[in-house]
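Morning, everyone. Please have the sequence and the model open while I talk.

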Amino acid sequence: MAMASVKSLADTPNLASVPSSFMFATDDDSDSVTAVSQGAEDSIPIIDTSLLIDGTPHQRAKVINELGKACEDWGFFMVVNHGVGERLMREMVEICKEFFDLKEEEKREYETKSVLDPIRYGTSFNPKVEKVFFWRDYLKIMVHPNFHSPTKPTRFREILEEYCKRIREMTRELVRGISESLGLEECCLDKAANLESCSIVFAANLYPPCPQPELARGLPSHSDHCLLTILLQNQIAGLQILHHDKWLNVNPIPNSLLVNVADQLEILSNGKYKSVLHRAIVNDKATRISIAMAVGPSLETVVGPAPQLINKHTNNPPLFKNIKYIDYMGIVQSNKLQGKSTLDRIRLHI
Ligand code: OGA
Ligand code: NI
């Protein structure tokens with residue numbers, strides 16, 4: 001018997017408290033929900049993606065510089081003029097809401113059985129190994145190189161296919177810019193990660209209202225395992241990122257997308273661009289929906305620090321072991337979601 005979804009729990013009339021299986025120990029200050037809001041002098045960088053494509057050489061060079069700084073200082077940035085239509089973004093969020101509104105038995109058809117299933121519906125992250133569950137339901141779909149989609153709601157496939165295409169184009173453009181920002185040729189990272197057949201996992205997260213939000217967690221502090229994650233969300237806040245040792249609330253500007261550096265980029269850049277810890281908190285008022293597109297290398301790619309960035313004989317030794325992306329994903333999916341524990345396994349200690 002599968003565990004009940006968070007949505008069905010939250011829909012229970014007069015639910016006044018969080019079931020104990022979702023309650024986090026609150027004696028750990030390092031993981032308290034206290035966070036500060038972005039100040040004007042300390043706000044997430046904004047990257048105008050269109051300038052990478054049709055800016056003058058001067059504008060392009062400037063954006064690449066900003067992109068490099070954003071990856072190095074923040075590991076998080078917002079993109080605007082990104083080529084993913086406003087209507088498409090709205091429709092993507094709306095149709096995900098419709099999916100989560102389906103009857104439980106319809107969603108159960110996609111219930112997670114194996115982490116290799118191309119479509120997986122479930123609750124928390126990996127309930128098999130967790131002692132405390134997270135206050136979120138998810139729908140995860142492999143959408144590239146092979147495209148999959150649930151058959152309900154009816155328009156899901158059409159919207160997802162278009163969204164996936166746009167995100168993929170934009171991400172490859174960003175990766176070209178990031179490659180240049182590292183002093184590499186434009187196509188270097190794209191080739192090293194085989195992005196022509198990149199793996200993309202679509203992950204829709206549903207965080208229903210929670211009666212005691214300070215006692216539960218949407219997602220714990222973690223880094224993402226892919227190369228770059230592109231996050232779209234409805235208007236409800238909840239994402240926090242760790243920046244200079246402080247948790248920061250992220251309030252994205254409308255129609256922007258959030259991008260974060262993930263583990264494979266930390267490996268490829270040999271630690272210059274670090275994946276960033278982030279988490280999701282919950283609230284007692286409104287349902288939050290976020291959609292993460294995890295764009296990674298092709299599954300069979302062996303990823304390691306880019307050879308151009310390392311030199312065994314000088315002060316730039318490789319900081320990570322090489323690992324096949326599918327093996328890396330396997331480790332992530334079969335363990336607890338916790339900090340940068342997967343990356344730590346392949347770190348070389350010098
Ligand atoms: C994720 C994630 C954050 C959010 O899906 O990996 O970090 O705000 N999501 O939902
Ligand atoms: Ni994440």
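Some ground rules. This is a predicted model, where local features need pLDDT of at least 70, side-chain atom pairs count only at pLDDT 80 or more, and totals for chains, interfaces and linings use all residues. Residues are numbered from 1 along each chain as its sequence is written, chains are lettered from A and ligands numbered from 1 in the order in which they are written, and side-chain values use heavy atoms, with hydrogens and water left out.

The whole chain, then. The protein chain has 10 helices and 15 strands. Both are DSSP runs, numbered from the N terminus: helices are H or I with at least four residues, strands are E with at least two. The radius of gyration is 20 Å, close to the 20 Å that the globule rule gives for 350 residues, so the chain is as compact as a globular protein of that length. That radius is taken over C-alpha atoms, and the rule is 2.2 Å times the number of residues to the power 0.38. The C-alpha atoms fill a box of roughly 60 × 45 × 40 Å along the principal axes.

How much of the chain is buried? Of the 350 residues, 52% are. Buried means under 20% relative accessible area, exposed means over 50%, and partly exposed is in between, with a 1.4 Å probe and protein chains only.

Now contacts, meaning heavy atoms within 4.5 Å. Take those between residues at least 6 apart in sequence: 78% join residues at least 24 apart.

Next, the metal. Which residues coordinate the nickel ion, ligand 2? They are H222 through NE2, D224 through OD and H278 through NE2, at 2.1 Å. Donors here are N, O and S atoms within 2.8 Å of the metal (3.2 Å for Na, K and Ca); water is not among the atoms, so sites may look incomplete. Along the sequence, the donor residues are spaced H-x1-D-x53-H. H222 is buried, at 5% relative accessible area. D224 also counts as buried, at 13%.

On to the backbone. Most residues other than glycine have a negative phi, and most peptide bonds are trans. Now look at the loop between β5 (137-144) and α6 (156-181), where P145 sits. The bond from H144 to P145 is cis, with omega near 5 degrees. P153 is found in the loop between β5 and α6 as well. The bond from K152 to P153 is cis, with omega near -10 degrees.

Two asparagines next. N81 is not a glycine, yet its phi is positive, about 50 degrees. Find N81 in the loop between β3 (76-80) and α4 (86-100). N255 has a positive phi too, about 70 degrees. N255 lies between β10 (246-249) and β11 (257-261), in the loop. N255 is partly exposed, at 38% relative accessible area.

Last, two distances. T314 lies in the loop between β14 (302-303) and β15 (323-324). T314 is partly exposed, at 43%. T314 and I159 are 155 residues apart in sequence, and their C-alpha atoms are 50 Å apart in space. R87 lies in helix α4 and counts as exposed, at 55%. R87 and T171 are 84 residues apart along the chain, with 19 Å between their C-alpha atoms.
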